[in-house]
Amino acid sequence: MSSIVDKYCKEVKKNLPTYGKNEKELLNNLKQQGLEILNDNPDMTYEAFVREIGSPNEVIINYFGFADNDELLKKLNNNKLIKRCIIIVTTVILLVIGYAAYNIMLEIEESRKADIYEIEYTIEEE
(Lines give C-alpha, C1' and ligand atoms only; values in the text may rest on other atoms or scores of the structure.)
Protein backbone atom coordinates (compact mmCIF):
# COMPACT_ATOMS: atom_id res chain seq x y z
CA MET A 1 0.00 0.00 0.00
CA SER A 2 2.68 2.50 0.96
CA SER A 3 4.73 1.35 -2.04
CA ILE A 4 2.35 3.38 -4.22
CA VAL A 5 3.01 6.47 -2.11
CA ASP A 6 6.75 5.78 -2.04
CA LYS A 7 6.83 5.38 -5.82
CA TYR A 8 4.88 8.62 -6.25
CA CYS A 9 7.09 10.58 -3.83
CA LYS A 10 10.22 9.21 -5.49
CA GLU A 11 8.91 10.41 -8.86
CA VAL A 12 8.18 13.87 -7.43
CA LYS A 13 11.62 14.06 -5.78
CA LYS A 14 13.35 13.00 -9.00
CA ASN A 15 11.69 15.83 -10.93
CA LEU A 16 12.37 18.59 -8.38
CA PRO A 17 15.06 20.97 -9.66
CA THR A 18 16.13 21.79 -6.09
CA TYR A 19 15.89 19.82 -2.88
CA GLY A 20 15.96 21.57 0.47
CA LYS A 21 13.98 21.99 3.67
CA ASN A 22 10.82 23.19 1.92
CA GLU A 23 10.93 20.36 -0.61
CA LYS A 24 11.34 17.80 2.19
CA GLU A 25 8.27 19.30 3.83
CA LEU A 26 6.38 19.03 0.52
CA LEU A 27 7.29 15.35 0.21
CA ASN A 28 6.28 14.65 3.82
CA ASN A 29 2.91 16.33 3.22
CA LEU A 30 2.42 14.36 0.00
CA LYS A 31 3.27 11.14 1.81
CA GLN A 32 0.78 11.85 4.60
CA GLN A 33 -1.93 12.86 2.13
CA GLY A 34 -1.22 9.79 0.01
CA LEU A 35 -1.41 7.44 2.99
CA GLU A 36 -4.74 8.97 4.00
CA ILE A 37 -6.09 8.44 0.48
CA LEU A 38 -4.86 4.85 0.43
CA ASN A 39 -6.38 4.18 3.88
CA ASP A 40 -9.75 5.27 2.51
CA ASN A 41 -9.28 3.25 -0.71
CA PRO A 42 -6.98 0.27 0.03
CA ASP A 43 -7.51 -1.35 -3.41
CA MET A 44 -6.39 1.74 -5.33
CA THR A 45 -3.89 1.29 -8.17
CA TYR A 46 -1.00 3.64 -8.89
CA GLU A 47 -2.79 5.09 -11.92
CA ALA A 48 -5.94 5.78 -9.90
CA PHE A 49 -3.78 7.33 -7.17
CA VAL A 50 -2.15 9.66 -9.73
CA ARG A 51 -5.57 10.66 -11.07
CA GLU A 52 -6.72 11.41 -7.51
CA ILE A 53 -3.74 13.45 -6.33
CA GLY A 54 -2.38 14.72 -9.68
CA SER A 55 0.67 13.81 -11.71
CA PRO A 56 4.08 14.44 -10.13
CA ASN A 57 4.73 17.23 -12.64
CA GLU A 58 1.43 18.93 -11.79
CA VAL A 59 2.28 18.81 -8.09
CA ILE A 60 5.70 20.35 -8.77
CA ILE A 61 4.23 23.08 -10.97
CA ASN A 62 1.67 23.93 -8.27
CA TYR A 63 4.37 23.93 -5.59
CA PHE A 64 6.61 26.31 -7.51
CA GLY A 65 3.62 28.46 -8.42
CA PHE A 66 3.19 29.29 -4.74
CA ALA A 67 6.87 29.30 -3.77
CA ASP A 68 8.96 32.41 -3.18
CA ASN A 69 10.60 33.25 -6.51
CA ASP A 70 13.68 34.90 -4.97
CA GLU A 71 14.37 31.82 -2.85
CA LEU A 72 13.95 29.54 -5.87
CA LEU A 73 16.37 31.60 -7.96
CA LYS A 74 18.89 31.57 -5.12
CA LYS A 75 18.65 27.76 -4.85
CA LEU A 76 19.00 27.30 -8.59
CA ASN A 77 22.04 29.60 -8.68
CA ASN A 78 23.59 27.67 -5.78
CA ASN A 79 23.00 24.42 -7.68
CA LYS A 80 24.72 25.88 -10.76
CA LEU A 81 27.66 27.03 -8.65
CA ILE A 82 28.02 23.62 -7.02
CA LYS A 83 27.91 21.87 -10.40
CA ARG A 84 30.54 24.22 -11.81
CA CYS A 85 32.80 23.66 -8.80
CA ILE A 86 32.45 19.89 -9.16
CA ILE A 87 33.32 20.13 -12.86
CA ILE A 88 36.37 22.31 -12.14
CA VAL A 89 37.64 20.05 -9.35
CA THR A 90 37.13 16.96 -11.49
CA THR A 91 38.97 18.57 -14.39
CA VAL A 92 41.90 19.57 -12.16
CA ILE A 93 42.11 16.05 -10.72
CA LEU A 94 42.08 14.52 -14.20
CA LEU A 95 44.80 16.94 -15.36
CA VAL A 96 46.99 16.10 -12.34
CA ILE A 97 46.51 12.37 -12.92
CA GLY A 98 47.29 12.80 -16.61
CA TYR A 99 50.45 14.78 -15.83
CA ALA A 100 51.58 12.17 -13.30
CA ALA A 101 50.93 9.36 -15.81
CA TYR A 102 52.90 11.25 -18.46
CA ASN A 103 55.88 11.66 -16.09
CA ILE A 104 55.75 7.98 -15.18
CA MET A 105 55.72 7.08 -18.86
CA LEU A 106 58.77 9.30 -19.45
CA GLU A 107 60.61 7.65 -16.55
CA ILE A 108 59.84 4.19 -17.94
CA GLU A 109 61.10 5.18 -21.39
CA GLU A 110 64.22 6.72 -19.88
CA SER A 111 64.94 3.61 -17.84
CA ARG A 112 64.59 1.44 -20.97
CA LYS A 113 67.17 3.54 -22.80
CA ALA A 114 69.63 3.61 -19.91
CA ASP A 115 72.66 1.33 -19.97
CA ILE A 116 72.47 -1.24 -17.25
CA TYR A 117 75.77 -2.17 -15.67
CA GLU A 118 76.33 -5.26 -13.64
CA ILE A 119 78.27 -4.77 -10.47
CA GLU A 120 79.79 -7.75 -8.75
CA TYR A 121 80.85 -7.56 -5.14
CA THR A 122 83.29 -10.01 -3.62
CA ILE A 123 83.54 -10.40 0.12
CA GLU A 124 86.90 -11.68 1.31
CA GLU A 125 87.63 -13.01 4.70
CA GLU A 126 90.74 -11.84 6.48
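**Close-up views of a predicted model**

**View 1. The cysteines C85 and C9.** C85 counts as partly exposed, at 41% relative accessibility. The model shown here and in the other views is predicted. C9 has a relative accessible area of 10% and is therefore buried, since buried means under 20%. Zero disulfides are present in the structure.

**View 2. Packing of helix α1 with helix α3.** Helix α1 covers residues 2-15 and helix α3 covers residues 46-53. The two helices pack with their axes 10 Å apart, at an angle of about 60°. α1 and α3 are therefore oblique to each other. The crossing in which α1 passes α3 is right-handed.

**View 3. Residues in the contact of α1 with α3.** From α1, the residues that meet α3 are I4, V5, K7, Y8 and E11. Their partners in α3 are Y46, F49, V50 and I53. Seven residues of this contact are nonpolar, two are charged and none is polar. An α-helix has 3.6 residues a turn, so residues three or four places apart point the same way.

**View 4. Buried residues of α3 and the residue after the helix.** Y46, A48, F49, V50 and I53 are the buried residues of α3. Among them, Y46, F49, V50 and I53 also meet α1. G54 follows α3. The phi of G54 is positive, near 110°.

Definitions and conventions: Residues numbered from 1 in each chain as written. Predicted model: local features only at pLDDT ≥ 70, side-chain atom pairs only at ≥ 80, totals over all residues. Heavy atoms only, no water. Axes fitted to C-alpha atoms, helices over the stretch in contact; angles between N-to-C directions. Helix = DSSP H or I, 4+ residues; strand = E, 2+ residues; numbered from the N terminus. Parallel < 35°, antiparallel > 145°, perpendicular 65-115°, else oblique. Left-handed = near helix turned anticlockwise from the far one by under 90°. Contact = heavy atoms within 4.5 Å. Nonpolar A, V, L, I, M, F, W, Y, C, P; charged D, E, K, R; others polar. Disulfide = S-S within 2.5 Å. Buried < 20%, exposed > 50% of the residue type's maximum accessible area, 1.4 Å probe, protein only.
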